[in-house]
Amino acid sequence: TMAFRHKNTRRIEGLDSNVWVEFTKVAADPSIVNLGQGLPDISPPSYVKEELAKAAAVDRLNQYTRGFGHPSLVKALSQVYERVCGRKIDPLTDILVTVGAYGSLFSTIQALIEEGDEVIIIEPFYDCYEPMVKMAGAKPVFIPLRYKNDGNSASSVDWVLDPAELANKFNSKTKAIILNTPHNPIGKVFTREELQVIADLCIKHDTLCISDEVYEWLVYKGNKHVKIATLPGMWERTITIGSAGKTYSVTGWKLGWSIGPQNLIKHLQVVHQNTLYTCPTPLQEALAQAFWIDYKRMDDPDCYFYSLSRELESKRDRMAQLLQEAGLKPVIPDGGYFMIVDVSALNVDLSDVDEKQPYDYKFVKWMIRSK
Amino acid sequence: QTHFVSLSLQAKMSRPVQARRLEGTDKNIWVEFVKLAATYSKVNLGQGFPDFPPPDFLKESFVRALSGENHMLHQYTRAFGHPPLVKILAQFFGKLLGRDLDPMTNVMVTVGAYQALFCCFQALVDEGDEVIIIEPFFDCYEPMVKMAGGTPVFVPLRPKAPKDGKLMSSADWQLDPAELASKFSERTKAIVLNSPNNPLGKVFSREELELIAGLCVKHDVLCLSDEVYEWLVYDGKEHIRIASLRGMWDRTVIIGSAGKTFSATGWKVGWTVGPNRLLQHLRTVHQNSVYHCATVAQEAVAQGFQRELELYGKPDSYFVQLPKELQQKRDWLVQSLDAVGMKPIIPEGTYFLVADISKFKSDVPDVPDSDEPYDSRFAKWMVKNKGLAAIPLSAFYSGAHKNNYNHFIRFCFAKEEATLKAANDILQKWKKEKTSP
């Protein structure tokens with residue numbers, strides 16, 4: 001018999017390893033306290049579950065809906081975001097519903113990025129940005145957030161971009177910059193001034209902005225989430241990505257959305273119609289109803305968008321306290337639900353661990369196994 | 001301040017903003033026809049979905065999953081497939097294929113069969129690869145091959161005249177073996193097989209599958225086997241899985257769909273089954289595109305399959321009852337169409353049937369030099385003027401071949417009795433208008 005000649009395509013060469021696949025396996029043992037993967041272990045609000053039950057009981061809602069987004073959902077999204085952005089958003093042309101924010105990132109990158117392009121990614125970054133850019137044949141260009149205070153960082157606000165260093169990363173090949181605010185993993189909430197620096201460069205170099213804002217509602221006291229798409233000159237070049245999973249604590253619903261100008265969204269829609277065509281119907285209907293409930297109370301502090309944030313803020317403070325009592329130095333996040341902590345004070349010697357991995361990888365595995 | 005735009009910026013501004021991989025993939029028949037049906041149709045036999053609900057046992061599983069004590073079912077599950085689902089799929093398909101399947105490496109769950117197809121093309125088709133597509137085909141195969149940089153190579157099913165005034169069957173549409181063989185070249189990476197076939201309803205026979213398999217083995221070509229309608233076969237016919245033929249398991253990816261299996265197209269749960277050396281690459285695409293599929297529906301589908309495994313082959317099995325019900329509906333629609341002079345091609349499987357509308361051509365005059373195929377204009381006229389939605393057969397042909405079979409339209413008969421009766425009323429009225437002076 002002939003040798004089997006079939007291997008993977010060039011586009012996925014080197015993209016097979018994935019930190020989550022590795023670490024979720026290690027943490028899967030139920031005796032382990034899992035503060036690793038980013039998902040809530042608290043229940044979503046009961047009205048969200050009720051709306052899903054109601055949707056599933058309607059025969060028609062168990063069949064295909066509109067490919068680019070269930071009508072009642074895109075309508076609800078347009079209303080919520082019109083209010084937030086202060087501009088008209090057309091539900092049919094300016095919105096695409098996707099399989100999670102992950103699906104939005106993929107659709108955006110596949111639609112607008114190709115070989116010969118460069119894409120600026122701010123480090124540290126949500127890990128999928130790099131392989132997605134590579135799969136599109138483009139070159140990722142990294143720029144770090146740097147400590148402002150010589151390593152004595154206590155807050156996510158202390159991690160900043162150097163404007164001159166950032167400006168240097170832009171050139172004629174720069175197709176897009178990926179922004180993530182509030183930021184995973186640091187929890188940084190970019191200020192208006194910081195966003196203006198990025199916006200100025202995008203406008204000067206005619207660069208697109210892919211703005212991952214999945215944690216948009218999770219901002220803590222003293223901070224405000226600013227949408228870069230609302231800065232002058234930015235709407236026409238920005239795709240803003242949101243997530244039901246993070247908004248309603250239903251990561252397992254895998255619904256997200258991309259919002260932007262029609263002349264960009266239409267290309268995302270083409271990718272979508274050639275990749276999975278439509279997202280699940282009952283989940284979209286339930287999400288739409290949940291959005292209407294909260295849209296109606298956006299002036300009320302009981303709105304889930306604000307109440308969840310308050311709930312998480314007290315958990316953030318509790319976690320920070322626990323870590324400080326253990327002699328560790330957490331970086332208090334201004335947003336998101338992640339906290340990073342410097343563990344060097346623990347002085348765990350892992351020099352005898354053979355694996356060729358960074359210290360923090362080895363530390364985490366050691367911590368899971370022995371603690 | 002400078003008032004001129006730099007040359008490099010000019011160059012960027014003059015380039016289209018979208019990526020080249022989208023070239024030729026932007027048109028989509030469904031966007032147009034779904035809108036038309038929504039606007040005009042009184043009876044929608046167009047897009048392929050049932051207008052009856054999923055079975056009660058499945059709906060109950062879904063409600064149990066979403067409201068049960070385990071609220072973690074609203075959070076991420078395993079990326080390559082919710083463990084209870086991949087386990088039961090491995091068990092179920094292992095039994096059908098006579099093989100020991102590993103749920104972790106031989107099965108991957110996707111967002112509908114549609115995303116399974118996408119993963120296959122992205123994982124396995126490179127620029128310059130050829131992919132053989134049998135016409136008529138489910139329309140997404142072509143743009144997906146193009147987006148992967150591949151070249152689609154088409155080979156038609158050709159109708160043979162039926163015997164003595166009998167109605168044509170989907171079995172009468174066949175591949176010419178020599179023609180098929182001529183399509184294989186050193187650049188051929190894969191062939192896409194769809195059996196039972198959408199839109200014709202053809203259920204490929206063992207001999208036909210052996211012909212395809214022989215060529216795959218000879219030329220070392222992969223087989224992407226879209227078997228979403230695997231349970232919808234009629235008249236005692238058998239759905240044969242090409243992966244079970246000699247030399248095929250190692251080179252085949254089987255694609256399935258909960259939407260079609262359990263009449264829940266809106267759940268968008270699909271799967272791939274195949275050897276690890278192919279599925280590993282599908283996993284790479286999946287983890288870099290959608291990563292996870294929604295949890296609750298996977299949990300419910302797993303329970304559905306558990307039930308079906310226990311009832312396999314028994315009269316209460318949904319996989320026995322559904323085709324039985326659909327066969328009756330098929331026969332009903334065949335009769336309706338035949339009675340008015342539309343000539344149905346009796347499908348051996350799926351819930352689609354294609355009918356020859358030549359006798360109704362006088363209603364929609366030909367427009368010479370029209371860009372649009374005749375059947376497309378006919379279908380649009382029909383939904384606007386008769387309120388009956390169907391899909392033109394040319395939608396399932398490549399651009400160059402859209403006028404080869406342009407007097408056929410496709411009906412979906414997975415509809416309640418009342419819907420089929422309403423369709424019959426429209427057809428009868430239409431016939432009367434044609435024959436009355």
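Contact here means heavy atoms within 4.5 Å. This is a predicted model: local features need pLDDT of at least 70, side-chain atom pairs count only at pLDDT 80 or more, and totals for chains, interfaces and linings use all residues. Residues are numbered from 1 along each chain as its sequence is written, chains are lettered from A and ligands numbered from 1 in the order in which they are written, and side-chain values use heavy atoms, with hydrogens and water left out.

**Stop 1: the two chains**

Select chains A and B. In chain B, 81 residues are in contact with 82 residues of chain A. The buried area is about 6900 Å², with 54% given by carbon and sulfur atoms. Buried area is the accessible area (1.4 Å probe) that two parts lose on being put together, summed over both.

Three salt bridges cross this interface. The rule asks for a side-chain nitrogen of Lys or Arg within 4 Å of a carboxyl oxygen of Asp or Glu. Zoom in on Lys59(B) and Asp59(A): they form a salt bridge, with the closest N and O atoms 3.6 Å apart.

**Stop 2: the domains of chain B**

Colour residues 24-54 and 318-432 as domain 1, and 56-311 as domain 2. The bounds come from an automatic or database domain assignment. Taken over C-alpha atoms, the domain centres in chain B are 24 Å apart. Across the boundary, 40 residues of domain 1 are in contact with 48 residues of domain 2 in chain B.

The two domains of chain B bury about 3800 Å² between them, 61% of it on carbon and sulfur atoms. Select Pro54(B), Phe319(B) and Glu348(B) next: they supply 24% of the area that domain 1 of chain B buries against domain 2 of chain B, more than any other three residues. Two salt bridges are found across this domain interface. Now show the side chains of Lys237(B) and Glu348(B), which meet in a salt bridge at 3.0 Å, N to O.

**Stop 3: helix 11 of chain B**

Select residues 295-310 of chain B. This is helix 11, with 16 residues; it reaches 23 Å from first C-alpha to last, close to the 22 Å expected at 1.5 Å a residue. The expected span is 1.5 Å times one less than the number of residues. Helices (H or I, at least four residues) and strands (E, at least two) are DSSP runs, numbered from the N terminus.

Why is helix 11 of chain B largely enclosed by the rest of the structure? Because 12 of its 16 residues are buried. Buried means under 20% relative accessible area, exposed over 50%, partly exposed in between (1.4 Å probe, protein chains only). Among the buried residues are Val296(B), Phe305(B) and Leu309(B). Their packing partners in chain B include helix 3 (56-67), helix 4 (83-97) and helix 12 (318-340).

Stay on helix 12 of chain B for Ser336(B). Ser336(B) is buried, at 5% relative accessible area. Not counting residues up to four places away in sequence, Ser336(B) touches Asn424(B) and Leu427(B).

**Stop 4: cysteines**

Cys303(A) is buried, at 0% relative accessible area.

**Stop 5: backbone details**

Go to Glu135(B) and Pro136(B): the peptide bond is cis, omega near -5°. Pro136(B) is in the loop between strand 3 (130-135) and helix 6 (141-147) of chain B. Another cis peptide bond joins Ser195(B) and Pro196(B), with omega about -5°.

Finish at Asp369(B). Its phi is near 65°, a positive value in a residue other than glycine. At 82% relative accessibility, Asp369(B) counts as exposed.
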